[in-house]
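Hi everyone, thanks for coming.

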Amino acid sequence: MATEYSNVKVYTVNGATAGSSSSLPDWLTRKRAAAGKGKRAVREQVEGTIELIQGFEFPEASNRIKTTRDGHHVIATGTYKPQIRVWDLDQLTLKFERHSDAENVDFVCLSDDWTKSIHLQNDRSVELHTQGGFHYRTRIPRFGRSLAYHFPSCDTYLSASGNEIYRLNLDQGRFMTPLILEAGQSDSEILGVNVIDINPAHQLLGFGIDGNGTAQFWDPRSRVSVGTLRLPKQRLLSSTGLDSDGLLSVTAIASRPDGLSYAIGTNTGHTLLYDIRAARSYALKDQGYGLPIKKVIWIEGGSRMAGDGMVLSADKKVVKIWDRNSPSNNFVSITPANDLNDIHHVPGSGLLMTANEGIQMATYYIPQLGSAPRWASFLENITEEMEDQTTRSVYEDYKFVERSELKTLGLDHLVGTPMLKPYMHGYFISLKLYDAARVIANPFAYAEHREKLIREKMEKMAESRIRSKKDSGVKVNKALAAKILKEEEKTKKREERKKAKKATAATVAQDEQGEEDVDMEDTEKEHGAAKKPSLLNDPRFAKVFEDPEFTIDETSREYALLNPSSFAQRGLKTAVEDEEEESDKVSSDDLGDGDSGSGSDGDDGSSSEDSSDAGELQPRTYIPMKKEYGNPRARVPNVNLVPMRAGESARGVDKNASFGQRLSGSATGFKSSKARFGNSVRQSGDGGMEITWTPSASAAVDDTEYDDSRQRQGKRGKEPKRKGVESFGAGMERGGMGEAEIREAEKKGRTQRRRGIRSGSKNVFRNLGS
């Protein structure tokens, strides 16, 4: 993938594209094509991307990366688990990997190829590796920070926390006397040494000090300090907004092959260029992020553009390449997709390799910085072909929609299909499909938009003609605005009354004391005080009275819960009350039907009603509960106790008829005595006796009244208003007389008469003869 910065193209030939956080997502340029046999054989081709080195990655992250001096191999360290990997550049693939016990901090190749190397680990150990594998391990007193190898003397310099530089001589196989760095009189204490640099021209040692903002230079032959370079501390700290008493540290040093120039990076994100013959820097570069500089590299011998000396400075966010003579202008700027840990420039080419916090290590090729290396000469042909191709603009064929808009268009059923590409908090959809769905979902969109514009224009013209009372721009929620204004007016009147009382009290006090000079300064201040801020003129709540989306729904349940009094004044009902009202209507209709149907049977079954039906709760017949229940003592419950007659033949009687119906229809062998309130005593010829009575709550009711009411009921053919009926709501009642007769066969459940047992009490029969 190619990115362009100020007419300088950067090609990503390994790993994630530079600046991929704002570039095209992977699915936009990815095509999957099935090839081979079976469903699992899937070939993935990414348009416009190149994988230069196969398997150029680590399981979690990479720490350091370097190429060997012969240019045939790449060595990198990473994690997790801590390991070393070597890639063969001639074959463009992984050669081998080797695991270690601790994570790597820094390493140096001792030979021209990969066979010998020394590694500084984060557990204070120093490991020597050969072609066969791990060779030897030793330890240093403190945790190491940097590593450098001096080839003429075979000394390995190890920097750590503190002011000591440990020397491990590989020729003699032992530690030598360490170099002890001393701070100047005006310098602060040395907290440690962050970086070591060895000049390739004259072998001068450079140490980047942590804590006092200096760099010390030592002669390896005499092992003494030959100079101290002090950075402009106040200038660097003030430019980043830090306190001048803060700590300034040197985090990166790079010496130019000419032996005269040094590039020094600081923890404030600045890169300074020095001539070894002067104490002041001749160039200053700010990365812009305020992060410590990870690496500084002098780029030489690439092409005519970079032949005069380019400088590469990198922190964990950005890599900048700039000319030493014009540091304010960037030659190119690269933003890696992941945080940067290390960067390496392949000498004599335009290829950059990075170690980062991602799985894949990135490789960038910049043709204008230098040519492709010999082992990747095909990159020039590929980049030339890519330059000839016309690139499309970003997302020109796709439209980003949110989930809510997707539901409005009626395309939410496409979620999970290839038609929708998930991205951030929404989806990418084909522009053609989006336009078609929008027209289908709302074919009158243009007409509605035009009508809205006309309406707004007419409202604006009407406002200009009609001068109404200022309502502080209230367009919606006018009831709320009126309520606020009313409350403000009440508060204002209350304050005015308080002020009047205070003024009256002050006048009375003045009259009593006879003083003319009364301090009224407080009253004047109160009168002249500025008007208190109101909810109507507060800009934070302006949309509540202007935007229709903030309209208060006064018919909602939430509004009713918050404003119960106003909700009740309008006579509005809750959902439960509406449901009860509907139930009342249905029950009333059913009751009318039942009354009309039961009038014809009132004469037959009213006198002989079954005892199990009287006082039964009727859930399907609903009579609304009355507010006045009448005198409970005047109720006449309808309870009929009918003892069974054993041994009587049922021949000639309807088997489906109730016992009361059979009793009223059979007069054979029975003599009736005086009946009162439906009570009767019948005697048979063989000495048997049958009693039917209705218990009454009061004995003051006359028989004539009862008989007259029954006769009036029979003449009308409809039940009168029943007394003593107790209603419970929801169609349930208890008591009453004159219920419709139901045939025994139609009765079910609890309403069906029990068979084979007596309904009366034994004590009743025992006391009948006495």
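Let's start with K81, which sits in the loop between β6 and β7. When I say strand or helix, I mean DSSP runs numbered from the N terminus: helices are H or I with at least four residues, and strands are E with at least two. Before I go on, two housekeeping remarks. This is a predicted model, where local features need pLDDT of at least 70, side-chain atom pairs count only at pLDDT 80 or more, and totals for chains, interfaces and linings use all residues. Residues are numbered from 1 along each chain as its sequence is written, and side-chain values use heavy atoms, with hydrogens and water left out.

What kind of peptide bond joins Y80 and K81? It's a cis peptide bond, with omega about 10°. T79 and Y80 are also joined by a cis peptide bond, and there omega is about -5°. Y80 is in the loop between β6 and β7 too, and β7 covers 83-88. For background, most peptide bonds are trans, and most residues other than glycine have a negative phi.

**Positive phi**

That brings me to R124, which has a positive phi of about 70° although it is not a glycine. You'll find R124 in the loop between β10 (117-121) and β11 (125-130). The cut-offs are under 20% relative accessible area for buried, over 50% for exposed, and partly exposed in between, with a 1.4 Å probe and protein chains only.

M424 is another non-glycine residue with a positive phi, this time about 55°. Look for M424 in the loop between β33 (420-423) and β34 (426-430). M424 has 68% relative accessibility, so it counts as exposed.

**Salt bridges**

Next topic: charges. Side chains of opposite charge can pair when their charged atoms come close. How many salt bridges does a search of the whole structure find? The search finds 16. To count, a side-chain nitrogen of Lys or Arg has to be within 4 Å of a carboxyl oxygen of Asp or Glu.

Take D112 and R69, whose side chains meet in a salt bridge at 2.9 Å, N to O. This pair links distant parts of the chain, 43 residues apart: D112 is in the loop between β9 (104-109) and β10, and R69 is in the loop between β5 (61-67) and β6. D112 is partly exposed because its relative accessible area is 47%, and R69 is partly exposed at 48%.

Now try R167 and D155, with a salt bridge of 3.2 Å, N to O. Here the pair is 12 residues apart, with R167 in strand β15 (residues 164-169) and D155 in strand β14 (residues 155-160). Both R167 and D155 are buried.

One more pair: the side chains of D342 and K295 form a salt bridge at 3.3 Å, N to O. D342 lies in strand β29 (residues 340-345) and K295 in strand β25 (residues 295-299), so this bridge ties together parts 47 residues apart in sequence. D342 is at 4% relative accessibility, so it counts as buried, whereas K295 is partly exposed at 26%. There's also a network: salt bridges that share partners join R64, K66 and D106.

**Inside the core**

Let's go inside. A nonpolar core here is a set of buried Ala, Val, Leu, Ile, Met, Phe, Trp, Tyr and Cys residues joined through side-chain atoms within 4.5 Å. The largest one has 22 residues, and L351 and M353 have the most contacts inside it. The elements giving two or more residues to this core are β2 (8-14), β6 (73-79) and β30 (351-356). Which of the elements gives the most? That's β30, with 3 residues.

**A buried loop residue**

Last stop: L231, in the loop between β20 (224-230) and α1 (233-239). Why does L231 count as buried? Because its relative accessibility is 7%. L231 and T214 are 17 residues apart in sequence, and their C-alpha atoms are 6.0 Å apart in space.
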